[in-house]
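Thank you all for coming. I would like to take a few minutes to walk through one model with you, so please look at the display first and keep it open while I talk.

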Amino acid sequence: MRLLIWRDALHFDRYADLPCALCDSPTPMRSHTDEPVHKVCAEQWNHTHPEAPRHQAGTRDLGTRRFHDDVPTTSKQTNVRHLPQQSAPEALPLQLPTAERKAA
Ligand SMILES: [Zn+2]
């Protein structure tokens, strides 16, 4: 079964769980048309409706028109955020106990 790419925040409604259009259980997930649906239910529907009208982006088939992938972003607009690199902490100078310094 082909998995959907739903990375956009529009797929998650953090304020309301609504009955899934396919299984009736509550879900915070939303399709591109704002239909409440579990992602797995949408993937299962796509799997059982291969003949459904397609959603295209250029030459790419993103899935059925009802449930499809997020439109691919260009390399400049990415959803991935990189954290700033942390430099390693500097080593502290070795401190000898006072007694040994007196003896030396
Ligand atoms: Zn469901």
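Aspartate 34 is exposed, with 54% of its relative area accessible, where exposed means over 50% relative accessible area, buried means under 20%, and partly exposed covers what lies in between, with a 1.4 Å probe and protein chains only. The residue sits in the loop between β2 and α1, and its phi is near 70 degrees, which is a positive value in a residue other than glycine. Aspartate 24 has a positive phi as well, near 75 degrees, and is likewise not a glycine; it lies in the loop between β1 and β2 and, at 62% relative accessibility, counts as exposed.

Before going further, a word on the source: this is a predicted model, in which local features need pLDDT of at least 70 and side-chain atom pairs count only at pLDDT 80 or more, while totals for chains, interfaces and linings use all residues. Residues are numbered from 1 along each chain as its sequence is written, and side-chain values use heavy atoms, with hydrogens and water left out.

As for the overall layout, the protein chain has two helices and four strands, arranged along the sequence as β-β-α-β-β-α; helices here are DSSP runs of H or I with at least four residues, strands are runs of E with at least two, and both are numbered from the N terminus. The chain has 104 residues, of which 24% count as buried. It exposes about 8,500 Å², with carbon and sulfur atoms supplying 55% of that area, as computed by the Shrake-Rupley method with a 1.4 Å probe, where for residues only the protein chains shown count as cover. If we take the contacts with a separation of 6 or more, residues 24 or more positions apart account for 35% of them, a contact being heavy atoms within 4.5 Å.

Let me turn to the metal. Which atoms coordinate the zinc ion? They are Cys20 (SG), Cys23 (SG), His38 (ND1) and Cys41 (SG), at 2.0 to 2.4 Å, where donors are N, O and S atoms within 2.8 Å of the metal, or 3.2 Å for Na, K and Ca, and sites may look incomplete because water is not among the atoms. The angles among the four donor atoms run from 97 to 117 degrees, and the site is tetrahedral, a label that four donors receive if all angles lie between 85 and 135 degrees. For reference, the ideal angle for four tetrahedral donors is 109.5 degrees. Along the chain, the donors follow the spacing C-x2-C-x14-H-x2-C. Within this set, cysteine 23, in the loop between β1 (18–19) and β2 (26–27), and cysteine 41, in helix α1 (residues 39–48), are 18 residues apart and link distant parts of the chain. Cysteine 23 is partly exposed, at 35% relative accessible area, whereas cysteine 41 counts as buried at 17%.

Staying with α1, its buried residues are Cys41, Ala42, Glu43, Trp45 and Asn46, and β4 (60–64) is included in what covers the buried residues of this helix. Glutamate 43, buried with a relative accessible area of 3%, forms a salt bridge with lysine 39, their closest N and O atoms being 2.7 Å apart. Because the two residues are four positions apart in helix α1, about one helical turn separates them. Lysine 39, for its part, is partly exposed at 25%.

The count of salt bridges comes to five, taking a salt bridge as a side-chain nitrogen of Lys or Arg within 4 Å of a carboxyl oxygen of Asp or Glu. One of them joins the side chains of aspartate 13 and arginine 30, at 3.2 Å from N to O; aspartate 13 is in the segment before β1 and arginine 30 in the loop between β2 and α1, 17 residues apart. Arginine 30 is buried at 2% relative accessible area, while aspartate 13 is partly exposed at 23%.

I will finish with histidine 11, which also lies in the segment before β1. Is histidine 11 buried or exposed? At 1% relative accessibility, histidine 11 counts as buried. Its side chain makes a polar contact with that of aspartate 70 at 2.6 Å, a polar contact being a pair of N or O atoms within 3.5 Å, where within protein one must be able to donate a hydrogen and the other to accept it, and residues adjacent in sequence count only if both atoms are side-chain atoms. Setting aside neighbours within four places in sequence, the contacts of histidine 11 include Trp6, Pro28, Met29, Arg30 and Asp70.

Definitions and conventions
Four donors count as tetrahedral if all angles lie between 85 and 135 degrees; four count as square planar and six as octahedral if opposite donors are over 155 degrees apart and all others between 65 and 115; anything else is irregular.
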